[in-house]
Amino acid sequence: MNFETDYRMLIDGALVDSHERLDVVNPATGAAFATAPDCTDAQLAAAVDAGRRAFKGWRGTPIADRQAYLHKAADILNDHREQLARLFTREQGRPTEAAKSEIDIAVAWLHAYAEMTPPVDVIDKGDGQRVETHYVPLGVVCAISPWNFPVNLSFWKIAPALAAGNTIVLKPSPYTPLCMLKIGELLKDVFPAGVLNIITGSDALGPKMTAHPGFAKISFTGSTATGKRVMESASKDLKRLTLELGGNDAAIVMPDVDLDDVAQKIFFGAFFNSAQICVATKRLYVHESIYDGLRDRLAGIAQAVKLGDGSEQGTVLGPLQNRRQYDRVTSLIEDAKAEGLTLIEGPAGPAGGGYFIPVTIVDNPPEQSAVVQEEAFGPVLPMMKFSTVEEVIDRANASEYGLAGAVWSKDVDQAVAIARQLETGTVWINQNLVLRPDTPFAGHKQSGFGIENGLEGMLEYMAPQSLYIPQSAG
Ligand code: NAD
């Protein structure tokens, strides 16, 4: 199979082209290097129809057989890890070594959901009535994913949705369609026709999907602004909904940490994937007694990290993924400069048309500045001083978002006590960015609606069906 060309959609078990095509840009050069199909209305309708036709058979397939399909899909992806990671770097920008983790996560999620079986809850109190609650799949799932983790976050949807007995039509971001198209080709003959459909198109395709009456559920990952539009669209026919949205995660660093030990971990918790992570540290609160020491260490790491084309050996951080995001983050930095804030910048990336922004640490900006209040989703990190635990918890919670957070301290009990007071769905103690397929991930406040991952995440693709069964004859 050629990973360099011939990108087609997977609809009803067949590879399908479109006469309209979208340019796909390498963010390290700013130049288009491939095209992807722009799905027509008729092709969207065909994909949904295929999902509906396949649903009957797939829902009735014994769960052990569905699980075997998932294991097989995981093995095929794993066998093509190197080729997919190279393609990933070209379309997404992340250095190739780190890109491999994207495929590894897809593989891990497929295997994990292939081991998960929904429960049957039984109430039997010996009163002549037995109630069994089964969980049944919903139908065709509309899945929409973003460009920052285009494979990983697509499989957060594909794995539980298919394991639960649904069929799916997935649309990756128009900025990063290629890996998912090649994955469609790899999995074409693995699942029965129509079970897994992968279509690509511009941002205009998303609203057409969410409005399509043939879908039973929407699972969306992206920005909070788009999530609200998706929710509005879903309300028209009460489609089930899972929304994983933006975050402005706070990390709290207590005075007892070993600065040399934590600086590196905190740095990559903020800047991995050029800080384009929903759960990256985006506001860093540091106790005033250790603030200068941590700031200087982070500045030192920033100087040493190589920013460049992810396909080159030794590159640690790549470009921003797309022009729109580059412009947004650049203007946030320009505004911070205009406000007179102090910026500590790492080395610039290569000259040319690539979307490179140097690591930028903002030294103790006021809480109300845009760089603190807004989700940057790029390599600009505000770090602020705090004096008391009560004060920093209030500041961390003063956000419309509630995705994740972190607490750093040698006193783990105190760290847990602080974590319990943060209004977020995930909190890490002395670590960062760890997420597991068996653990629910759910944004609080405007970071989301519903759950991904864990058995709870699988049940979001199912509905309870309670059977009342009399125990006496007749
Ligand atoms: P985005 O909202 O612009 O786009 C996400 C997806 O939605 C894309 O596939 C896009 O084509 C599609 N889309 C656009 N308009 C649509 C509409 N009206 N209806 C339906 N679909 C539409 O987000 P993005 O810029 O691709 O991703 C960055 C954002 O995603 C950040 O805010 C980040 O925090 C968030 N994110 C959240 C999580 C999480 O799990 N909570 C994970 C990753 C990214």
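In this predicted model, strand E12 (residues 249-253) and strand E13 (residues 281-287) run parallel and are joined by 5 bridges, with Ile-252 standing opposite Tyr-285 in E13. Both strands belong to an open sheet of 7 strands, which follow one another in the order E14-E15-E16-E13-E12-E18-E19 with mixed pairing. Strand E14 (342-345) and strand E19 (426-429) stand at the edges of this sheet, and because each has a single partner strand, one side of each is left without a neighbour in the sheet. On average, neighbouring strands of the sheet are turned by 20 degrees against each other, direction ignored.

Helices also pack on this sheet. Helix H10 (residues 291-304) touches E12, E13, E14, strand E15 (360-363) and strand E16 (380-386), and its direction makes about 165 degrees with that of E16. Helix H14 (residues 412-419), in turn, lies across E12, strand E18 (404-408) and E19, and runs at about 165 degrees to E19.

Another pair of strands is formed by E7 (residues 140-144) and E8 (residues 167-171), which pair in the parallel sense over 5 bridges; Ala-143 has Leu-170 in E8 as its bridge partner. Strand E7 is mostly covered, with 5 of its 5 residues buried, and this burial involves both faces, Val-140, Cys-142 and Ile-144 lying on one side and Val-141 and Ala-143 on the other.

Between helix H2 (residues 63-79) and helix H4 (residues 96-113), the axes come within 8 Å and cross at roughly 165 degrees, which means that H2 is roughly antiparallel to H4. The crossing is left-handed, and the contact of H2 with H4 comprises 9 nonpolar, 3 polar and 1 charged residues.

Note on methods
Residues are numbered from 1 along each chain as its sequence is written. This is a predicted model: local features need pLDDT of at least 70, side-chain atom pairs count only at pLDDT 80 or more; totals for chains, interfaces and linings use all residues. Side-chain values use heavy atoms; hydrogens and water are left out. Axes are lines fitted to C-alpha atoms, for helices over the stretch in contact, and angles run from 0 to 180 degrees between N-to-C directions. Helices (H or I, at least four residues) and strands (E, at least two) are DSSP runs, numbered from the N terminus. Angles under 35 degrees count as roughly parallel, over 145 as roughly antiparallel, 65 to 115 as roughly perpendicular and the rest as oblique. A crossing is left-handed if the near helix is turned anticlockwise from the far one by less than a right angle, and right-handed if clockwise. Ala, Val, Leu, Ile, Met, Phe, Trp, Tyr, Cys and Pro count as nonpolar, Asp, Glu, Lys and Arg as charged, and the others, Gly among them, as polar. Buried means under 20% relative accessible area, exposed over 50%, partly exposed in between (1.4 Å probe, protein chains only). Two strands pair if DSSP finds at least two bridges between them. Contact means heavy atoms within 4.5 Å.
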